[in-house]
Amino acid sequence: MAETVTFKSMALAKAINESLRRALDSDPKVLIMGEDVGKLGGVFRVTDGLQKDFGESRVIDTPLAESGIVGTAIGLALRGYRPVVEIQFDGFVFPAYDQIVTQLAKMHARSLGKVKLPVVVRIPYGGGIGAVEHHSESPEALFAHVAGLKIVSPSNASDAYWMMQQAIQSDDPVIFFEPKRRYWDKGEVNTEAIPGPLHKAKVVREGTDLTLAAYGPMVKLCQEVADAAAEEGRNLEVLDLRSVSPLDFDSIQASVEKTRRLVVVHEAPVFFGSGAEIAARITERCFYHLEAPVLRVGGYHAPYPPARLEEEYLPGLDRVLDAVDRALAY
Amino acid sequence: MTVESTAARKPRRSAGTKSTAGKTTTARKSPSADPELVQLLTPEGKRVKNAEYDKYVAGITPEELRGLYRDMVLTRRFDAEATSLQRQGELGLWASLLGQEAAQIGSGRATREDDYVFPTYREHGVAWCRGVDPTNLLGMFRGVNNGGWDPNSNNFQLYTIVIGSQTLHATGYAMGIAKDGADSAVIAYFGDGASSQGDVAESFTFSAVYNAPVVFFCQNNQWAISEPTEKQTRVPLYQRAQGFGFPGVRVDGNDVLACLAVTKWALERARSGEGPTLVEAYTYRMGAHTTSDDPTRYRGDEERQAWEAKDPILRLRRYLEASNHADEGFFAELEAESEALGKRVREAVRAMPDPDHFAIFENVYADGHALVDEERAQFAAYQASFADVEGGH
């Protein structure tokens with residue numbers, strides 16, 4: 001039995017590791033699958049030590065084939081297992097895209113509700129770590145467009161721990177986007193706290209002048225932006241969306257009705273990104289409250305650039321502040 | 001590419017050299033003359049000995065033989081009815097299994113109740129063997145659902161339309177059986193076209209690496225819509241297994257007894273921990289790919305005629321008659337049962353109601369989703385707005 005420890009400080013990667021350990025410990029049907037997740041503990045060590053403690057039958061080093069990983073996970077789920085699969089990097093998920101979109105997302109509906117596929121697909125995503133091509137992408141919108149999938153992304157260690165627990169308990173397939181540049185950020189994790197709903201956004205900083213909405217790696221940036229703006233006398237609210245599908249529009253609406261201005265920030269390209277959907281829906285919901293158009297800060301409509309250029313491509317403090325200025329200028 | 005260069009690249013060992021429309025069929029080798037092909041019943045209905053596989057059908061009774069015959073006849077009748085229903089506008093589409101009855105009934109009857117079947121969209125005969133009511137197969141072709149049966153009530157997964165995907169599901173399920181320590185097995189169906197899919201190759205890899213109890217049952221019906229098997233492979237498909245480290249066998253797919261025996265052997269291997277097997281059932285798609293297809297654009301009728309002589313039902317009938325295992329009364333009774341099945345299917349399809357409009361929003365998620373709820377409410381309000389208009393006038 002894993003010992004429950006209250007308020008333990010741990011890195012985000014370690015929080016996921018602890019969460020997976022707890023799930024393996026409490027439910028014999030939970031399996032971990034992926035490339036290098038066993039002996040190596042994953043390229044980011046997120047599954048470190050799990051195979052040693054739970055064996056090769058439950059923490060499975062798979063052949064190097066992403067479609068095979070997700071496809072066999074579907075079969076295992078049909079047999080009653082709850083597989084948690086790792087896609088090693090964001091840019092490697094596309095060989096599995098067909099299995100995720102065509103099979104994983106649709107089988108519950110196709111079976112008129114008879115089949116449930118409690119599969120979690122873990123994807124370390126996003127840039128900022130100076131990696132080579134295909135190791136820094138943010139493909140969440142490509143999954144959010146697909147009915148049948150749920151998409152979440154924690155921004156801190158505590159959420160990483162609890163959202164993973166909830167994702168594994170979900171009877172729906174969940175794509176779990178892990179902000180890899182935050183893997184080493186430490187935070188307090190209360191392993192006994194009863195968490196709120198998985199798909200509910202959280203106000204992480206209260207404010208009155210403008211709402212910054214973000215998820216995953218961009219939440220920390222938005223908090224830094226709010227600090228910088230405060231020095232200029234601007235009081236920004238920061239909303240950690242946590243879930244991309246479903247999106248918690250009620251919480252965004254409540255915040256925007258208060259602040260009347262919204263800037264959405266994500267690493268993914270702005271074009272057809274989650275910010276576009278948020279802008280459209282919030283414009284519908286809050287038309288008479290808005291003092292400015294909803295602005296978006298994100299990646300450009302270009303392939304993710306070589307590492308030496310990523311700081312220009314990714315939203316940074318100044319680019320977000322620039323958007324804040326533009327929104328406040330209306 | 002020229003015709004000459006195509007011919008030059010033809011695999012020498014392939015028994016499946018075939019003509020395209022307008023060319024002669026003289027180059028085609030008869031499957032029965034192929035030493036690589038397991039056959040227990042010749043097209044003439046003569047039982048031939050096979051040292052390796054006879055034992056798997058050694059105890060078969062005349063009653064069981066009549067059962068296999070009945071299965072094939074009723075499956076063909078059901079299939080013909082479905083084709084007619086499409087022509088009458090009752091179904092949007094139908095994928096006929098005509099010609100593949102032996103491959104499906106032989107392999108389907110080899111499975112045990114606790115085994116699990118992963119079909120494509122043409123396994124109507126296997127569905128029959130698993131006890132899935134044939135009328136349930138028609139909902140998706142009529143367009144009232146995307147799969148109308150509970151996979152777990154007959155251990156028969158829903159039809160898979162994107163070809164090859166199901167072989168990975170089958171492999172995963174088989175890995176689960178192994179983890180559970182059960183002695184059940186899985187059989188995954190696919191075709192010569194799907195054999196080119198990466199998922200099929202990945203399922204071979206995974207099943208071999210984990211020694212999963214799965215039988216890959218490939219019905220090589222010679223055509224992937226308009227593309228002959230030569231467009232998929234340079235080696236006979238069963239030989240692909242060797243490179244993955246498990247056995248592959250080619251069986252006469254029009255010989256129900258051989259299909260039964262070979263599949264039983266393969267399933268026993270799976271049960272006893274010997275891992276995966278590839279069975280290539282060498283058969284022929286007698287009809288079009290689906291009711292939307294026109295095979296006259298890509299293949300000649302002489303090829304079809306050559307395969308007609310190897311008809312799976314006819315050869316078992318010849319055997320039953322020659323060995324006095326069935327009398328006129330049996331055949332007459334079966335014909336009546338067959339007509340009754342056609343009638344029942346016809347009536348059931350015509351009585352199938354369109355789904356409720358709100359079915360769009362049903363079962364999108366198991367645990368619900370805020371957006372689906374919101375859009376369902378919007379749709380309800382939109383629909384209700386018409387009721388207001390009607391009430392107002």
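Predicted model: local features only at pLDDT ≥ 70, side-chain atom pairs only at ≥ 80, totals over all residues.
Me: How many helices and strands make up the secondary structure of chain B?
Reply: Chain B has 393 residues, of which 46% count as buried. Its secondary structure comes to 15 helices and eight strands.

Me: Are helix 8 and helix 9 of chain B roughly parallel or roughly antiparallel?
Reply: Helix 8 (residues 165-180) and helix 9 (residues 198-209) of chain B pack with their axes 7 Å apart, at an angle of about 15°. Angles under 35 degrees count as roughly parallel. Therefore the arrangement of helix 8 of chain B relative to helix 9 of chain B is roughly parallel.

Me: What is the handedness of the crossing of helix 8 of chain B with helix 9 of chain B, and how do the contact residues divide by class?
Reply: The crossing is left-handed. Helix 8 of chain B contributes residues including B:Leu168 and B:Ala174, while helix 9 of chain B contributes, among them, B:Glu202 and B:Phe206. By class, the residues of this contact are five nonpolar, five polar and two charged.

Me: Which helix of chain A gives the largest share of the side that touches chain B?
Reply: In the contact between the chains, 34 residues of chain A meet 34 residues of chain B. Two or more residues on the chain A side come from each of helix 3 (66-78), helix 4 (97-104) and helix 5 (107-110). The largest share, nine residues, belongs to helix 3 of chain A.

Me: How many charged residues does the side of chain A that touches chain B have?
Reply: This side of chain A has 12 nonpolar and 16 polar residues. Its charged residues number six.

How values were computed
Residues numbered from 1 in each chain as written. Chains lettered and ligands numbered in written order. Axes fitted to C-alpha atoms, helices over the stretch in contact; angles between N-to-C directions. Helix = DSSP H or I, 4+ residues; strand = E, 2+ residues; numbered from the N terminus. Parallel < 35°, antiparallel > 145°, perpendicular 65-115°, else oblique. Left-handed = near helix turned anticlockwise from the far one by under 90°. Contact = placed C-beta atoms within 7 Å. Nonpolar A, V, L, I, M, F, W, Y, C, P; charged D, E, K, R; others polar. Buried ≥ 20, exposed ≤ 12 C-beta atoms within 10 Å, placed from the backbone.
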